[in-house]
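Let's take a walk through this fold together, starting with the whole chain and ending at a single side chain. Have the sequence and the model open as you read.

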Amino acid sequence: MGSRFAADQKNAYPSLIAALCERDAYTRGHCDRVCLLAVEMGRAFDLADPALDSLRIASQLHDVGKIGVRDNVLLKPGKLQPGEWEEMKAHSIHGERIIKETFLLNKLDVASIVRHHHEAFDGSGYPDGLAGTMIPLSCRILLVVDAYDAMTSGRPYHHPRSHIEAMTILESEVGTKLDPECFEMFSGVIARNPDSHVSGL
Ligand SMILES: [Fe+2]
């Protein structure tokens, strides 16, 4: 039984990545870029290896729940209507469910990171409205990196913003959406990784 589970775990991760890529190529590229910066952030925060490993996996799979979002919502070029936005927000819960069915019990923290990767520092995020340090550190890290990459990537409904524009917007969200400590750390990490300034995708 143990070896079967080990094999499942080994195979599940690339399988999920491949499934996500088939669903939406942008999401796959976005998750790869977010993963690189999130791991750099984790190192900057001196996360221990097990926590860093969970952050690495969660950052690559944070949007895997978008597999469960309908095309007319996921790929809609314009602004989402309130009902559509609720459907989109559900991707964090879909993702938690998928990962819980995939990983061994000792990786339940990955499922938790995925569930809470859109919680905001002031409690205005989703799905549970957690605030401050009630939000796991890995989720606070993921939020700033995710927001940066979403802004600096081109999408059908917006042109990519420059590094300076994105940093200015992030700075305006410190204390509301973003953890001040995470933003400060991110400023240092991104300055040391200039290749990450422009995604090119
Ligand atoms: Fe997300």
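What percentage of the 201 residues in the chain is made up of buried residues? Buried residues make up 36% of them, where buried means that 20 or more other C-beta atoms, placed from the backbone, lie within 10 Å of the residue's own. Please keep in mind that this is a predicted model, in which local features need pLDDT of at least 70 and side-chain atom pairs count only at pLDDT 80 or more, while totals for chains, interfaces and linings use all residues. Residues are numbered from 1 along each chain as its sequence is written.

The chain holds 10 helices and 0 strands; these are DSSP runs numbered from the N terminus, with at least four residues (H or I) for a helix and at least two (E) for a strand. Of the contacts with a separation of 6 or more, 63% join residues 24 or more positions apart, a contact being two C-beta atoms, placed from the backbone, within 7 Å.

Now look inside. The largest nonpolar core has 39 residues, a core being a set of buried Ala, Val, Leu, Ile, Met, Phe, Trp, Tyr and Cys residues joined through C-beta atoms within 7 Å. Among the elements giving two or more residues to this core are α1 (2-23), α6 (91-100) and α10 (180-192), and α8 gives the most, with 8 residues. Ala38, Val144 and Val145 have the most contacts inside the core. In soluble globular proteins, nonpolar side chains tend to be buried together.

Leaving aside neighbours within four places in sequence, Ala38 is in contact with Leu55, Ser59, Ile141, Leu142 and Val145. Ala38 also takes part in the contact between α2 and α8, together with residues including His30 and Arg33 of α2 and Asp146 and Asp149 of α8.

How do these two helices meet? The axes of α2 (residues 25-44) and α8 (residues 137-152) come within 9 Å and cross at roughly 135°, the axes being lines fitted to C-alpha atoms over the stretch in contact, with angles from 0 to 180 degrees between N-to-C directions. The two helices are therefore oblique to each other, because angles under 35 degrees count as roughly parallel, over 145 as roughly antiparallel, 65 to 115 as roughly perpendicular and the rest as oblique.

Finally, visit Leu61 in helix α3 (residues 49-61). Leu61 counts as buried because 26 other C-beta atoms lie within 10 Å. Beyond residues up to four places away in sequence, Leu61 touches Leu16, Gly95, Ile99 and Val114. Leu61 and Ala111 are 50 residues apart in sequence, yet 9.5 Å apart in space, C-alpha to C-alpha.

Definitions and conventions: Buried ≥ 20, exposed ≤ 12 C-beta atoms within 10 Å, placed from the backbone.
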